[in-house]
Amino acid sequence: MSEEANPFESLQEQIDDAAAFLDVEDDVVERLKHPERVLELNLSVDMDDGTRKRFKAFRSQFNGDRGPYKGGIRYHPNVSRDEVKALSGWMVYKCAVVDIPYGGGKGGIVIDPREHSAAELERITRSFAKELRPLIGEDQDIPAPDVNTGQREMNWIKDTYEKLEHKTAPGVVTGKAISSGGSEGRVEATGRSTMLTAREAFDYLDKDIEGATVAVQGYGNAGSVAANLLEDLGANIVAVSDSSGAIYREGGFDTAAAKQFKRETGSVSGYDQANEEMTNEELLTLDVDLLIPAALENAIDGELAQDVQADVVVEAANGPLTPEADDELTGRDVYVFPDILANAGGVTVSYFEWVQNRQRFYWTEERVNDELERVITDAFDNLVEAYESHDLPNFRTAAYVVAIQRVVDAYSDNGNWP
Ligand code: NAD
C-alpha cells in the first residue's frame, strides 16, 4: 500500500483527466477541484476515567450546485483534512453520475473507535454534532455513515440536532435505524450497487457472471454484501479479506457463513472453510475474473497494479486505486468500473431515505431495491454512452465526464453570485 498517495491530489487528477474531454473553461474546472469550505474542529470530550481528551474533526462541503451537501462521517486514525476533502469531492461526482439532486460533503474524526467505550463514543459524536449544527440540516448538509460509523452514530447526531433545534428533522442524517426513520435496503445498498455494476459490466463485456471467480478485499459492510449478492448470481467468491489478512478457497466460499465467522471472531482469518491464508497483497493480485477492492483508499498503487491479474475491477471502496494504478491497468486493458458508480448505492438509498423522511411516507424494501436498480442501470448506460461517443480511455474518465458536465450545467444555470 502506498504511504504517499494523497487522495485529494488523486481526485484533482481525475477531474483534470476528464475535463480534458469536455468543453469547459479552465477557471470553471479549477473551481470544481476545490471544496467550497472546510470546517476543522478540536473537540474536547470527557473520558470515562475523568480525564479530558482532544479529538480533531473535519467537515468538508465541496460543492452545492446540484443540491444540499451530502456525505458520510468516518471515524479512523488516518482521517486527515486532505482525505476528507477528497472524499467530499468524490461525493459531488458520485451524486452527479447517478443523477440524484445532491452536492457533496464528507466529515471525519481522527479516532480509533476501538479504544473507546460506547459512552465515550456517544459524547464524542454528540460534541461533533453540536459543532456541526449551524452547517447541517435537511436542506443544507446531510451526513451519513462511513467507515466505523453506522446507525447508532447517525441516531446520536439526529437526536442532538433535533433537541438543539427544538423540532423533528429525521432527514438531517441518513443511514438511521428503521425505527427512527431509516430506509429498508439502506444497509445493503452499497454492496447491491457494486453487484449491479459488476452484473452490467460483465454483460457489456460479454462475460458470464455465473461461474466467474471473484476476490473481495475488505469484508465489511460493502464487501460482504456485494459478495453475497454476487454469489446469488452464481459467481464464485474465492477470496475475501479484512485488515487481519485474507483467506482463499478454490471452490468458492459460502459468503453468509464467512460473514457469520467474522461477526463471531472479529475477522475472516482463521476460517476453517479456507484452503489457504494469504496476505491482502496476494489477494489483490490473484488471477480472478473480478476483483472488488472494498476496504480503504490507495489499496492498489502503481507498483502493485503491475501484478494485478484480474480482468475486471469494480471499486466498492472510495479511491482504492491511485492514479498510477489506474494508468497501469488502463494500459493493460483491465476494465475498471469506478467507485463513483459502483458504490453509489449507499448515497442513492440515502436519498430515498431522505425523500421518505420528507414525505413521512415509507417504501417497501422491494420498491427501494427496484428504484436502486433503475438508478444504477441508467447511470451505467449513460457512462457507456459517454465512453463510446467520446472514445474515452476508461470508464472512470467516462463517469467523470458525465458527472462534471452535470455539475457545470447546474453551475451555469445558477450563475456565479456574488
Ligand atoms: P466497514 O468498516 O464495514 O468495512 C471495511 C472492511 O475493510 C473491514 O472488514 C476492515 O477490516 C477491512 N479493511 C480495513 N483495512 C484493510 C486493509 N488494509 N486490507 C484489507 N481489508 C481492510 O466499511 P464499509 O462501510 O464497508 O466501507 C468500505 C469502503 O466502502 C470505504 O472505502 C467506504 O468509504 C466505501 N463506501 C461505503 C459505503 C457504505 O454505505 N457503507 C458507501 C459508499 C462507499
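This is a predicted model: local features need pLDDT of at least 70, side-chain atom pairs count only at pLDDT 80 or more; totals for chains, interfaces and linings use all residues.
Residues are numbered from 1 along each chain as its sequence is written, and side-chain values use heavy atoms, with hydrogens and water left out.

The chain is assigned domain 1 (37-171) and domain 2 (188-340), with bounds from an automatic or database domain assignment. Their centres, taken over C-alpha atoms, are separated by 28 Å. To the contact between them (heavy atoms within 4.5 Å), domain 1 contributes 11 residues and domain 2 six residues.

The largest nonpolar core comprises 90 residues. Such a core is a set of buried Ala, Val, Leu, Ile, Met, Phe, Trp, Tyr and Cys residues joined through side-chain atoms within 4.5 Å; buried denotes under 20% relative accessible area, computed with a 1.4 Å probe on protein chains only. Tyr93, Val98, Leu230, Leu290, Tyr400 and Ile404 have the most contacts inside the core. Helix H15 (residues 395-414) supplies its largest share, 11 residues; helices are DSSP runs (H or I) of at least four residues and strands (E) of at least two, numbered from the N terminus. Because domain 1 (37-171) and domain 2 (188-340) both give residues to this core, it lies between them. Not counting residues up to four places away in sequence, Leu290 touches several residues, including Phe202, Leu230, Val312 and Val314.

Ala379 is located in helix H14 (residues 365-389) and is buried, its relative accessible area being 3%. With neighbours within four places in sequence left aside, Ala379 is in contact with Val97, Val98 and Leu341. Leu341 is 38 residues from Ala379 along the chain, yet their C-alpha atoms are separated by 7.4 Å.

The ligand is surrounded by 23 residues, each with a heavy atom within 4 Å of it. The closest are Asp146, Thr190, Asn221, Ala222 and Asn318. Polar contacts are pairs of N or O atoms within 3.5 Å. A polar side-chain atom of Arg74 lies 3.1 Å from a ligand oxygen atom, and one of Gln217 lies 3.3 Å from a ligand nitrogen atom. For Ala316, a backbone N or O atom lies 3.5 Å from an oxygen atom of the ligand. Taken alone, the ligand exposes 830 Å², of which the protein buries 83%; these areas come from the Shrake-Rupley method with a 1.4 Å probe.

Definitions and conventions. Buried means under 20% relative accessible area, exposed over 50%, partly exposed in between (1.4 Å probe, protein chains only). A polar contact is a pair of N or O atoms within 3.5 Å; within protein, one must be able to donate a hydrogen and the other to accept it, and residues adjacent in sequence count only if both atoms are side-chain atoms.
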